[in-house]
Amino acid sequence: MRYVLLQTLLFLLFAATAACADDVSDTVALAERFYMQSDRLLESLPDERLRRLIKQRAVEKKEVIARLKSLRWSEEPGKRRFKSLKKNLERYMTKEIESVVSLSEKLPPSSTTSLEEVKKELFALKLEILQELEESFKRAKIKSERGRRSAPPPIPSVDASPFEKEPGEVSKGIWER
């Protein structure tokens, strides 16, 4: 009995994780990755203002992830949802980079050279993540097209058996019966 219960629970767990693997969870993972890598880059810079920026960024990351997850329920899978996901993710990354740029204006000139390198890496990371998002959407699109069934043949509007006519013979359908 326990063995059957354990198998059932494992089956449900695997089915739930497979159902969650979609473009929304891919986008959330990419947002997390951008946050982690930009956090690692910013921690290498010594300044008190960065500590406040890092705390603010954590709040913004939670907000964007909540927004991205809400699109799973509010948008139907397809191009429109993908555009919404991409727009939200790109807006988040741009806002993060702009906050680093605004911080560089307030820092002394000695630390701006290292901050310039961080900005360049963040721009490159943003482009890389957007490219991965495009590829993820293409994979999801191919997978969904593969699973589609072809449309059933149309129902004829004439009530006649296809076996009533001989080749080359024209019939009036039900009126000749």
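This is a predicted model: local features need pLDDT of at least 70, side-chain atom pairs count only at pLDDT 80 or more; totals for chains, interfaces and linings use all residues.
Local features need pLDDT of at least 70 and side-chain atom pairs count only at pLDDT 80 or more, while totals for chains, interfaces and linings use all residues. Residues are numbered from 1 along each chain as its sequence is written, and side-chain values use heavy atoms, with hydrogens and water left out.

User: How many aromatic pairs are there?
Analyst: Rings of Phe, Tyr and Trp (its six-membered ring) pair if their centres lie within 6.5 Å; planes under 30 degrees apart are stacked, over 60 edge-to-face, and the rest tilted. The count by this rule is two.

User: Which class does the pair of F34 and Y92 fall into?
Analyst: The ring centres of F34 and Y92 are 6.0 Å apart. Their planes stand at 75 degrees, so the pair is edge-to-face.

User: How many residues apart in sequence are F82 and F137?
Analyst: F82 and F137 form a stacked pair, with 4.2 Å between centres and 20 degrees between planes. Helices here are DSSP runs (H or I, at least four residues), numbered from the N terminus. F82 is in helix 4 and F137 in helix 5, so the pair joins parts whose separation in sequence is 55 residues.

User: Is L115 buried or exposed?
Analyst: Buried means under 20% relative accessible area, exposed over 50%, and partly exposed in between (1.4 Å probe, protein chains only). L115 is in helix 5 (residues 109-147). Because its relative accessibility is 0%, L115 counts as buried.

Key:
Helices (H or I, at least four residues) and strands (E, at least two) are DSSP runs, numbered from the N terminus.
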